[in-house]
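This briefing goes through a structure by topic, for reading beside the sequence and the coordinates. Please keep both in view while following the points below.

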Amino acid sequence: MADNSIGTAEQLKDPNYTPPLAKAIPLGIQHVLAMFASNVTPAIIVAGAAGIGFGSDQGALGFPDMTYMIQMSMLFAGVATLIQTIGMGPVGAKLPIVQGTSFAFLPVMIPAVVGAGTAGLAGLFTGVLIGGLFHFCIGFFIGRIRFALPPLVTGLIVLMIGLALIKVGIQYAAGGVPAMGKLAAAKAAGGDISGMTFGSLSMWIPALVVIIVTLALKFFTKGMTAVAAVLVGIIVGYIVAYMMGQVSFGNVGKAAAFGLPNPFKYGFEINWAIIIGMILMSFISAIETVGDVSGITKGGAGREATDKEIQGATFADGLGTAVAGVFGGLPNTSFSQNVGLISMTGIMSRHVVTIGGIFLIICGLLPIVGASINTIPINVLGGGVIVMFGMVAAAGLNMLSDVVWTRRNMVILATALSVGLGLQLVPDALIHMPKTMQILLTSGLLPAAVIAIVLNLVIPEDAE
């Protein structure tokens, strides 16, 4: 039953509807909190690979290059989000799509900077710019190839995205990847693991508080409290984590009060290896966007996405990435975790997400704001995203419910899911392949998508 304090059932399914501002603002901030950690993490990983991140000599200077890359990740995620939600002519889906820095491009970006330091960043960001322009061009023909992406394929892609994210959610809730790495090193050395934080009760208590509060508010309250359940859950979990001594404000005082983007800060350099890698990954990102747009319209409005919406979303992906590359930002794409949030809240308003985009821009221009948000412990965010990541997988299952389950379609799904999920669970199965191919294939998404698309085109409909 619709909550009339926010809008009628018809209004909540309308992307052009604007809820009351007092309720739209926290809903927009909730979208930002859902993707904040994932959005800045690629910048931290790339900085670490370049030798300018945590543990490097730049620590005495406050990690200026990594801080700048994190700042650009927030700023241009916000800019790209506004391109999606507000639109510029045919550019932008005009749907509640949150854009953010993509993990999918890391296999191309990491080799570009390993051992090169800041000298490798010129070629990297030039590749991001050119790859973004190519991604934009995919929008001109994405509608023509949509026949190859029926609910059987897009539903599987969304399901695979959700399954991949669920692992990330558990890692966050248990303490994060760095803590997991320390635990693995201690176990390999045969040392004492009793003092390790990963997987400890102290990590899980705040995460479980977030989950319990979120579910309790979602199902046992009404109105704004129910809709903003994830945000309230994270706030309560944050308070619990603070009381347990897990919140640190050390970096807040070091953050600058204001900072502007610097075009071509690291220079312009053509590196064809990076450019080709970015172009290849653009196709995967475009397929993921098709799945995300379909998941949003299905989960939020109960309908299929139109060709115009998918084309606009692809245009916005490419333009957002290209603009980010000019200023030292990493590739942008639609964020799958926010698809789950749309399904949970049932609010389809693009203007709610626009508010979230504006908040991201503020974070990018005011580093101290971003640093303050970054005090939220990883396990608290983990508690929030576990539910939402599961909702992404559920959105994929909902899309698959529209499929007529003939033997043909069952075999296609079974084969694609088995190979994709299997490689995700057993990455060493491809240990003798080139490193880049290992990372691309063991993500599970690429092989599952390719197998489903090819089999759907090759196997005739009447093959019973």
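Predicted model: local features only at pLDDT ≥ 70, side-chain atom pairs only at ≥ 80, totals over all residues.

**Helix packing, salt bridges and surface**

Helix α8 (residues 201-220) and helix α10 have axes that come within 8 Å and cross at roughly 150 degrees.

**Helix pairs**

- Two packed helices are described by the angle between their axes and the distance between the axes.
- Because an angle over 145 degrees counts as roughly antiparallel, α8 and α10 are roughly antiparallel to each other, and their crossing is right-handed.
- A second pair is formed by helix α6 (residues 151-174) and α16, whose axes come within 7 Å and cross at roughly 165 degrees.
- Helices α6 and α16 are therefore also described as roughly antiparallel to each other, but the crossing of α6 and α16 is left-handed.

**Salt bridges**

- How many salt bridges does the model contain? The count comes to 3 salt bridges, and they are taken in turn below.
- D402 forms a salt bridge with K298, and the closest N and O atoms of this pair are 2.5 Å apart. D402 lies in the loop between α16 (378-400) and α17 (407-425) while K298 lies in helix α11 (residues 272-301), so the pair ties together parts that are 104 residues apart in sequence.
- Where do the partners E461 and R408 lie? E461 lies in the segment after α19 (445-458) and R408 in helix α17, so this pair ties together parts that are 53 residues apart in sequence.
- E461 counts as exposed at 58% relative accessibility, while R408 is buried, with a relative accessible area of 4%.

**Nonpolar surface patch**

- A nonpolar surface patch of about 840 Å² is made by F140, F141, I145, F147, F283, V450, V454, L457 and V458.
- Which helix gives the largest share of the nonpolar patch? The largest share, 4 residues, comes from α19.
- V458, one of the residues of this patch, has its place in helix α19 and is exposed, with a relative accessible area of 59%.

**Residues with positive phi**

- Most residues other than glycine have a negative phi, and the two residues that follow are set against that background.
- K94 is not a glycine, yet K94 has a positive phi of about 55 degrees. K94 is found in the loop between α3 (64-85) and β1 (99-101), and K94 counts as partly exposed at 31% relative accessibility.
- F264 likewise is not a glycine and has a positive phi of about 50 degrees. F264 is found in the loop between α10 (229-243) and α11, where F264 counts as partly exposed at 38% relative accessibility.

- G390 lies in helix α16 and is partly exposed, with a relative accessible area of 28%. Although G390 and G169 are 221 residues apart in sequence, they are 9.1 Å apart in space, taken from C-alpha to C-alpha.
- T101 is found in strand β1 and is buried, with a relative accessible area of 1%. T101 and S334 are 233 residues apart in sequence, and their C-alpha atoms are 8.7 Å apart in space.

Terms used: Residues numbered from 1 in each chain as written. Heavy atoms only, no water. Salt bridge = Lys/Arg side-chain N within 4 Å of Asp/Glu carboxyl O. Helix = DSSP H or I, 4+ residues; strand = E, 2+ residues; numbered from the N terminus. Buried < 20%, exposed > 50% of the residue type's maximum accessible area, 1.4 Å probe, protein only. Patch = residues over 30% accessible without salt bridge, like charges linked within 9 Å, V, L, I, M, F, W, Y side chains within 5 Å. Areas by Shrake-Rupley, 256 points an atom, 1.4 Å probe, with all protein chains shown as cover. Axes fitted to C-alpha atoms, helices over the stretch in contact; angles between N-to-C directions. Parallel < 35°, antiparallel > 145°, perpendicular 65-115°, else oblique. Left-handed = near helix turned anticlockwise from the far one by under 90°.
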